[in-house]
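Student: Hi! I have a protein open on my screen and I'd like to go through it with you. Can we take it piece by piece?

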Amino acid sequence: MRLILASASPRRLALLEQIGVVPDAVDPADIDETVLKAELPAHYAARVAAAKGALVAARHPGALVLSGDTVVAAGRRILPKAESEEDARACLTLLSGRRHRVLSAITLIGADGKARHRLSTNIVIFKRLERAEIDAYLASGEWRGKAGGYAIQGRAAGLIRAIQGSHSAIMGLPLYETRALLRAGGYPCD
Ligand SMILES: Cc1cn([C@H]2C[C@H](O)[C@@H](COP(=O)(O)OP(=O)(O)OP(=O)(O)O)O2)c(=O)[nH]c1=O
């Protein structure tokens with residue numbers, strides 16, 4: 001059974017490989033990621049993961065297609081993928097000293113075209129960040145392109161007091177849910 005990973009993220013590929021799953025191909029989905037008016041974070045993540053999967057599944061009939069989307073949410077607000085230092089500083093200032101949610105949605109389209117979905121909801125708590133800590137983090141450049149302006153797999157781990165949930169989900173692919181979906185879709189996972 002062919003498995004296609006519908007993601008441009010090298011981290012998603014590495015996470016998948018961590019549980020012994022090597023996709024037959026990687027085929028990223030380029031979709032419009034605009035947030036709808038008044039759309040809630042969980043709805044957004046699920047919708048975008050499903051849209052990525054549907055787009056790529058159309059290109060690979062008969063294959064399993066796995067896609068995901070990870071968003072950082074402060075209350076009902078979806079934080080952007082930081083593209084500039086100003087974006088990242090605004091995110092970190094907002095996240096400083098408080099808890100926020102990281103929602104990681106995945107979709108698996110089966111060989112029969114049936115879509116299965118899972119959502120992993122996680123909490124991340126940052127310490128109260130000093131200005132110098134934010135400046136040093138910005139200088140690292142690790143925030144670039146990251147949802148919420150940080151990546152837990154790097155230096156930000158030193159600023160995170162606690163998490164509740166799944167570390168892999170916060171990085172971008174919830175491995176427990178991924179394995180469960182793959183099994184449900186008939187993909188051999190031991
Ligand atoms: C919160 C957090 C986010 N991120 C990153 C993962 C993603 O790059 C980004 C969320 O964006 P996504 O849209 O989920 O994924 P992507 O654009 O990287 O790849 P694709 O759509 O092709 O699958 O935030 C981390 O790497 N670590 C973290 O701790």
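Student: Leaving aside its neighbours within four places in sequence, which residues is I134 in contact with?

Tutor: Good place to start. One thing to keep in mind is that this is a predicted model. In it, I134 is in contact with R89, L92, T93 and L129, once its neighbours within four places in sequence are set aside.

Student: And where is I134 found?

Tutor: I134 belongs to helix α4, which covers residues 131-140.

Student: How far apart are I134 and L92, in sequence and in space?

Tutor: Along the sequence they are 42 residues apart, yet their C-alpha atoms are 7.1 Å apart in space. L92 is also among the contacts of I134.

Student: Is I134 buried or exposed?

Tutor: I134 is buried, because its relative accessible area is 8%, and buried means under 20%.

Student: How many residues surround the ligand, and which are the closest?

Tutor: There are 19 residues around the ligand, and the closest are S7, A8, R12, K52 and K81.

Student: Which element gives the largest share of that shell?

Tutor: That is β3, with 3 residues. At least two shell residues come from each of α1 (10-18), β3 (64-74) and α5 (167-171).

Student: What about polar atoms, say from R12?

Tutor: A polar side-chain atom of R12 is 2.5 Å from an oxygen atom of the ligand. The backbone takes part in this picture too: a polar backbone atom of T70 lies 2.8 Å from a ligand oxygen, and a polar backbone atom of I152 lies 2.8 Å from an oxygen atom of the ligand.

Student: How much of the ligand does the protein bury?

Tutor: The protein buries 92% of the 610 Å² that the ligand exposes when taken alone.

Student: You listed K52 among the closest residues. Where is its place?

Tutor: K52 sits in helix α2, residues 41-57. At 7% relative accessibility K52 counts as buried.

Student: What does K52 touch, not counting residues up to four places away in sequence?

Tutor: With those left out, K52 touches A6, R12, A29, I31, E33, S67, G68 and D69.

Student: Let's move on to A38. Where is A38 found?

Tutor: A38 is in the loop between β2 (25-26) and α2.

Student: Buried or exposed?

Tutor: A38 counts as exposed, because its relative accessibility is 74% and the cut-off for exposed is over 50%.

Student: What's the phi of A38 near?

Tutor: Phi of A38 is near 60°, which is a positive value in a residue other than glycine.

Student: Now R101, please. Which strand is R101 in?

Tutor: R101 is in strand β5, residues 99-109. R101 counts as partly exposed, at 28% relative accessibility.

Student: What does the side chain of R101 reach?

Tutor: It reaches the backbone oxygen of G75, at 2.9 Å. Beyond its neighbours within four places in sequence, R101 has contacts that include P41, V71, G75, T121 and N122.

Student: How far apart are R101 and A50?

Tutor: They are 51 residues apart in sequence, and 20 Å apart in space from C-alpha to C-alpha.

Student: And L13, which helix is that in?

Tutor: L13 is in helix α1. At 25% relative accessibility, L13 counts as partly exposed. Not counting residues up to four places away in sequence, L13 touches L5, P23 and V26.

Student: Last one: where does Q164 lie?

Tutor: Q164 lies in strand β7, residues 160-164, and counts as partly exposed at 44% relative accessibility. Neighbours within four places aside, Q164 is in contact with R99, N122 and I123.

Key
Residues are numbered from 1 along each chain as its sequence is written. This is a predicted model: local features need pLDDT of at least 70, side-chain atom pairs count only at pLDDT 80 or more; totals for chains, interfaces and linings use all residues. Side-chain values use heavy atoms; hydrogens and water are left out. Helices (H or I, at least four residues) and strands (E, at least two) are DSSP runs, numbered from the N terminus. Buried means under 20% relative accessible area, exposed over 50%, partly exposed in between (1.4 Å probe, protein chains only). Contact means heavy atoms within 4.5 Å. A polar contact is a pair of N or O atoms within 3.5 Å; within protein, one must be able to donate a hydrogen and the other to accept it, and residues adjacent in sequence count only if both atoms are side-chain atoms. A residue is near a molecule or strand if one of its heavy atoms lies within 4 Å of it. Accessible areas come from the Shrake-Rupley method with a 1.4 Å probe; for residues, only the protein chains shown count as cover.
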